[in-house]
Amino acid sequence: MRLRVCALFPALWFPFFCFGQQPEGSLVPREIFVGDTGIFTYAEKNLPASFPAEPGGTEIPVEQVYGSQDAVTVRKIRILPAEEENVRLCEVTFVPWETGEVRLPGFFLDPEGRIRSSEVRIPVASLSERLGIQTLSADRPPMLAPGTLYLLYAFLFGFAGISVAAFRIARRLLRKPQRRDGRLPVGKLRREFAGRRKKLERDIRRLEPSVWYGNYSAAVRLFFCRVTGCGKWAAASARELETLLVRWQDPDADSRDASLAQAAGAMQKLLFKVEEIRFSGRPSAGPDLRKESLDAFARLIAAVLAACPLPADEGAPQ
C-alpha cells in the first residue's frame with residue numbers, strides 16, 4: 001500500500017510542474033537594463049482552436065493587463081500565428097524598472113477575460129553589479145553656469161562682428177601707404193574708364209544729348225577724383241576744373257609731360273563747350289560734340305596714366 005502511494009504522489013504533482021514551468025522565448029536585446037525597452041516573444045500553448053490568428057498579428061489592448069506594473073511597464077502586446085496547432089506566439093514590449101528576475105504583469109488573451117497569459121519572468125541586468133559600483137557618485141557642478149548659454153552665444157556673435165570690422169580696418173590701413181606715396185593703380189583705372197567710355201559710346205544712339213552730356217561730365221569728374229584722391233572734384237564746375245587742367249599744362253623737357261599738357265588743354269576747351277551746350281536750354285540745337293568729347297577723354301586718360309606720378313594739387317596725396 002505504501003509503495004502505491006509513493007508511486008502515485010509524483011504522478012499527481014507532474015501536471016503542476018509542467019503547466020507552471022517558465023515558457024521559453026527570445027529577448028531582444030539579449031541583455032536589458034533598467035529603463036531600456038525590450039521585446040520578449042514566447043509561445044502560448046493549450047489555446048482553443050477558435051482563437052484568432054491573423055497573418056499580420058493581433059494587438060491586445062494594454063487595458064487587458066492586470067496586476068501591478070511597478071516593476072515592469074507593458075507598452076504593447078501582439079499575438080502572432082505559429083506553426084503548431086493551438087499555439088500562438090505572444091510578443092510583449094515592456095520597460096523594466098527593477099533589477100534581477102522581474103515578473104511581467106499578466107493579461108487576458110481574449111476580450112471576455114477567460115484566458116489568462118502564462119507567468120513570465122525576465123532577467124534584468126544591473127550596471128552597478130557589472131561595474132562594481134556600490135555607492136552613489138558625488139555631486140558634480142554643471143559644465144556651464146545656469147543662464148550663461150545666451151551670454152556665450154552673444155560673445156561668439158560679438159567676436160565675429162569685431163573680427164570682421166578689424167579685418168576691414170586693417171585692409172584700409174594697408175592701402176593707405178600706396179596712396180601716400182602717390183602711386184596709382186594704373187591698370188585698374190585704365191580698365192575702369194575704358195568700360196565707362198565704351199558705355200558712353202553706346203549711349204550716343206539711345207540717349208538725349210542733355211542726358212548724355214551729364215553722364216559724360218560725371219565720368220570726367222570721377223576720373224579726376226580717382227587720379228588726385230580728392231573728393232572735391234566730384235561736384236566741381238568746369239571753371240573749378242580749370243585750375244587742375246592748367247597745372248597739368250606746364251610741360252617740362254620730358255615728352256610725356258608735353259603730351260599731357262596738350263591733352264589737358266584740349267579737355268579744358270572742350271569742357272566749357274560741353275557746359276554751354278548742357279545749360280543753354282537747347283542742347284539739340286548746338287553742335288554734336290559727343291564723339292569729339294569721347295576722343296578727348298581717351299587722350300587725357302592715356303596721357304595722365306602715362307605721366308604718373310602727377311604734379312601734386314591741393315588735397316591730393318603727397
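**The aromatic cluster**

Reply: Phe193, Trp212, Tyr213, Tyr216, Phe223 and Phe297 are joined into a cluster by ring pairs. The model is a predicted one, and the count of aromatic pairs in it comes to 9. One of these is the pair of Phe193 and Phe223, whose centres are 5.1 Å apart with 85° between the planes. That angle makes the pair edge-to-face, because planes over 60 degrees apart are classed in this way. The pair links distant parts of the chain: Phe193 belongs to helix H4 (residues 186-203) and Phe223 to helix H5 (residues 209-228), with the two 30 residues apart. Both Phe193 and Phe223 are buried.

Phe193 also takes part in a contact with a charged residue. Arg196 lies over the face of Phe193, at 5.9 Å from the ring centre. This counts as a charge over a ring because the cut-off for that distance is 6 Å. Another contact of this kind involves Arg116, whose charged end sits over the ring of Tyr66 at 4.9 Å from the centre.

A further member of the cluster, Phe297, is among the buried residues of helix H8, which also include Leu294, Ile301 and Leu305. An α-helix has 3.6 residues a turn, so residues three or four places apart point the same way. Helix H8 covers residues 290-306, and its 17 residues should span 24 Å at 1.5 Å a residue.

The unreviewed UniProt entry annotates residues 150-170 as "transmembrane region". In the model, residues 150-170 are 100% helix and 0% strand, and their end C-alpha atoms lie 30 Å apart.

The strands may be taken last. Strand E3 (residues 58-60) pairs with strand E4 (residues 72-81) in the antiparallel sense over 3 bridges, and Ile60 has Ile77 in E4 as its bridge partner. E4 is also joined to strand E5 (residues 88-96), by 9 bridges and again antiparallel. Within that pairing, Thr73 stands opposite Val95 in E5. The hairpin of E4 and E5 has 6 residues between the strands, and in it Asn86 takes a positive phi near 60°.

Terms used:
Residues are numbered from 1 along each chain as its sequence is written. This is a predicted model: local features need pLDDT of at least 70, side-chain atom pairs count only at pLDDT 80 or more; totals for chains, interfaces and linings use all residues. Side-chain values use heavy atoms; hydrogens and water are left out. Helices (H or I, at least four residues) and strands (E, at least two) are DSSP runs, numbered from the N terminus. The expected span of a helix is 1.5 Å times one less than its number of residues. Buried means under 20% relative accessible area, exposed over 50%, partly exposed in between (1.4 Å probe, protein chains only). UniProt positions are given in the numbering used here, feature names are shortened, and annotations may be inferred rather than shown by experiment. Rings of Phe, Tyr and Trp (its six-membered ring) pair if their centres lie within 6.5 Å; planes under 30 degrees apart count as stacked, over 60 as edge-to-face and the rest as tilted. A charge sits over a ring if NZ of Lys or CZ of Arg is within 6 Å of the ring centre and within 35 degrees of the ring normal. Two strands pair if DSSP finds at least two bridges between them.
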